[in-house]
Every structure is written in C-alpha cells, then in structure tokens.
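User: Please go through the terms used for this model, and set each against its definition.

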Amino acid sequence: MNNFISAADGLDFARDYIENHLDKRQVNKIQHAFPSPRFWNETEIPVQQMLEDRQKLHAQGLGAPINLYMGVPYCIQTDPGKCGYCLFPVEAFTGNVDLERYFEYLKREAAMYKEGLKGLPLGAVFFGGGTSNLYKAEKFHELMDLVRSLFPEIKPYVDITLEGIPQLFTREKIQAIKESGMNRISMGVQQVNERLNSFSGRKQKTQHVIQTLEWAKEFGLAANIDLIFGWPQQTVQTMVEDLETVVGWGVYDITHYELNVGGPTDFALNRYHELPSTLSNLEMYKVARDLLKSHGYEQITAYNWRKPGNPFSRPYEEGVTHRFDNMDTLGLGYAALTFFSDVALDEGHSWSFINWRNLNEYKARIDDGKFPTEAGFKHAREDFMISLIWRNLFGMELDREDFNSSFDVDIYEHFEGVWKALEEFDFIEVTPHKIRLKGDGPFYTPLIQTLLAEKRYQQLREKMVVEAQA
Ligand SMILES: C[S@@+](CC[C@H](N)C(=O)[O-])C[C@H]1O[C@@H](n2cnc3c(N)ncnc32)[C@H](O)[C@@H]1O
Ligand code: SF4
C-alpha cells in the first residue's frame, strides 16, 4: 500500500479552486517536471551515482533511452532586452569568440559524462538556448561529433532538433545542419505580424521565415515554428491571420504557446495593460485549436500541433510524454536542466538539477574538473509520481494501468475529488483505461497541474520554512 499524501482535499476544494482560477493569469506556464525550481535547494548533486544507476538499469534490461539537451547561453541583444518577454537565462552575444570559448567548455563537460553514458541508448536530441543557430555552419558538424562521442550509435528514428531564430539561418547553415546528421529545425517566430513582432525588438522579417522553410525543404529537414498567443495588442484576428499564413506555408509542426508573463521583462513592466486577459487568451486558444484541426492538424501536447504526412518527421516525443516509469533527460551546457528518475530505482535516487545560470560559475566548475551543477532537488517517490503526472498531462492523457503498475496506486481514486471537479467543468474525460484532457482542459493544464500538486506543495513549503529557521 502506498503512503503518498498528495491526494487533494476533495470535490468541494477542487471545484472552488478551479472556479477561483479560471480567469487568473497562469503565471506558471505548463511545467514539465515537479516541483518548480524554487524548491531545488540541494547543492551536493551525486551525478556519478546517477550515471552508475543508469548503467545498472541498462545491464538489467531496464531503463529508457536518454534524451539529450545542449544549450547555448547567447542571444543577440534586443531593445527592449531579452526580446521583451523572455524568462530564460541568457547572456548577451558579443561575437563568435564567445561561442568558440563556450564550445570548448561544452566539450569538456561532455567528456566528464562519456564513461558514465557508455552503452546507453539515445532517445532524442535538442539544441536549444539561447540561440543555437548563432553557431557558424561548420560548428554543427562538431556539435554532432560531440553527440556521437557520447552516443556512438544513433538510431534513425532519433529526433535531432536545432532551435534558432529566423534571421540567423542561412542556406549554408541549413545544409550543414542536414549534413551533420540533425534532422529537424525549430524556429522561434512568435508573431508573423511584423508590427506586433517589432515589440520584441527582434530584427526578424517574414521573408526570413519563408526563406528558411524553403531551404529546410530543399535539404530535407523537418521544420517547426513557435508562435506565441496572448501577445500585447494581439487580437483573435491577428492570431488567425498568422496561423493561416503558417498553415499556408505548409508547416507540419506548429508550437502555439500562451505568453508567460513575468519577471522584470518589458511586457510585464511596460505592456501589461496591452495584454489580452486570460479569458481572451482562452478564446484565442479555442479559435486556434478549431482552425488547426480544420486544417488537419492533430494536437499532440497541450501546445504542439502536427499535420500528418511530413516525409521528414519522426515520432514526436512519445517516449517522454506517455510513460510512467522514467524521465531521463540529460542537459549539457549553461543553465541546462537534467532529470534522472526511474521507477525501478530506490527512493532517493531520482533527481532534477540545473547547471550554473552564471556563465563564469559554469566555466569555473569545469576548470576545477567538477560537474557544473548549480542546484538540484532529490525526489521522494511522491515527487517523481507528480512529475510524471504533470508530464503526461502535457501529453494530454494519463494511462491508468501504466500508472498503477508503476506506483501501485489507482490514479483516479487517489485524486478523485480533482477528477470529479474537472469532469464537471468538462476539462477531462475518464474511461476505465485513460484520463484524457478535453474541451478547455489543455489550456488550463498549468491550473490542473498545480491543483494536483497542491497538498505536496504545501508540505514542501512547510519543510522549507522549517529548514530556513533551523
Ligand atoms: C527560449 S526560446 C529559444 C529559441 C530562440 N532563442 C528563440 O527566441 O526563438 C524558445 C521558445 O520559447 C518560447 N518563449 C520564450 N519566452 C516565452 C514566454 N515568456 N512565454 C511563452 N513562450 C516563451 C518562444 O516561443 C521561443 O520560441
Ligand atoms: S526569446 Fe530567444 S532570442 Fe529572445 S532572449 Fe529568449 S532565448 Fe534569446
């Protein structure tokens, strides 16, 4: 029998909670792992032990492929700073020498993992940031050499995506990306509408996007476009125009995020009054959903849309969003996040951690021959369970049997009050096998995640207070 405490307070509590939050700005956008990094207080992170755990699992025929993330710290400076809205840690790009130096550190960090990763299978690769297409064309080959130095055998189905901004892709870079072995690009477009996009200070023109898509097609790369809704002064009409344009370009993968407003960003400080309300954002979500569905797109996560039939695409992150036993993702580089958890491991062996968000500290740790980890969180089994529920919710569906076989808990009974309330709001449908988001449910994923974690968060907050007083 399990002794998780996270079961929520019942139907009335859940119903009130939902009602009180329907029109509130969702300050935490969809979270991929529980708890939020403000609870990550551990500074001694046993990376070596995590790698040994993975080797043991692998030797027993257990474990899952490892997803690899590699970040770049740098971005072209904008006015306003950080594109006006970005909440990610980034550093100002001052020239190629920045990247050359950084890349040397990335290689040294990767080398520290080499022995520990030996023989482990690779799931997917994502080069993000920051701005990964700041690299010169020849660097993409070196990036892939780095991946192959850790995972010599890359199966053909492995999705290898490089993310960047439209104005920095060139034909030469796209060719090198393809020839290096990467198979997908993701472009942060945010707004096609040039007037609205200019609020971000980005020097991006629609022509950059069109041109990059053409090159991607020419060289046989899959392409994703990131758009944001809930942007200052955006209306349903401008959003529809953008979506129709992107659909008209024949883009198979569209990521449609709700703007996450916060921090000392220009949008939060100076354009707050221009932001559509949460209920307007909901309206936008619904219009976008219906529009994309009418064009044959399938919703694969709360914000990812994919049109079937792309000759260049690989299965989308199924391994990450639809499993209840493991969430192994290794992040290399500045501010990269790592999740190492597997249900087959004993309590205390599941971790999330983040690499240094200060570039000098990141480099100093590597100079000292240490893993450049800044802070981490050791998951109790319950935290791991909630983390997996969150991740599967992002994938819009929970498999009750899979969950039960991992945690020996009936997920419906455990959170019965929450599910019943969500059913009343028509946010989910429950069958004997699945709990599936529907209606406005995907839009409210952050609300649902927080509600499910409420009890555990309460406990973690109390623990933090006690520790601060000690
Ligand atoms: C962190 S950026 C990195 C890629 C690249 N630098 C760019 O700007 O496209 C990745 C994506 O995160 C999304 N993003 C960043 N800040 C966001 C925010 N405050 N709210 C919603 N999405 C955001 C954008 O859609 C962006 O394309
Ligand atoms: S949105 Fe992209 S380009 Fe802009 S600051 Fe964030 S990571 Fe950099």
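Analyst: The protein is divided into domain 1 (11–38 + 383–469) and domain 2 (65–319), with bounds from an automatic or database domain assignment. This is a predicted model in which local features need pLDDT of at least 70, side-chain atom pairs count only at pLDDT 80 or more, and totals for chains, interfaces and linings use all residues. Residues are numbered from 1 along each chain as its sequence is written, while chains are lettered from A and ligands numbered from 1 in the order in which they are written.

User: How many residues of domain 1 are in contact with domain 2?

Analyst: 14 residues of domain 1 are in contact with 12 residues of domain 2; contact requires C-beta atoms, placed from the backbone, within 7 Å. The C-alpha centres of the two domains lie 27 Å apart.

User: Which residues of helix H14 are called buried?

Analyst: In H14 (residues 400–407) they are Phe-403, Ser-406 and Phe-407. A residue is buried if 20 or more other C-beta atoms, placed from the backbone, lie within 10 Å of its own. Helices are DSSP runs (H or I, at least four residues), and strands are E runs of at least two, numbered from the N terminus.

User: Why are the buried residues of H14 said to line one face?

Analyst: Because, seen down the axis of H14, they fall within an arc of 75°, taken from the directions from the helix axis to the C-beta atoms. Their cover includes helix H13 (381–394), strand E15 (397–399) and helix H15 (411–414).

User: What phi does Asp-408 take?

Analyst: Just after H14, Asp-408 has a positive phi of about 55°.

Note on methods. Contact = placed C-beta atoms within 7 Å. Buried ≥ 20, exposed ≤ 12 C-beta atoms within 10 Å, placed from the backbone.
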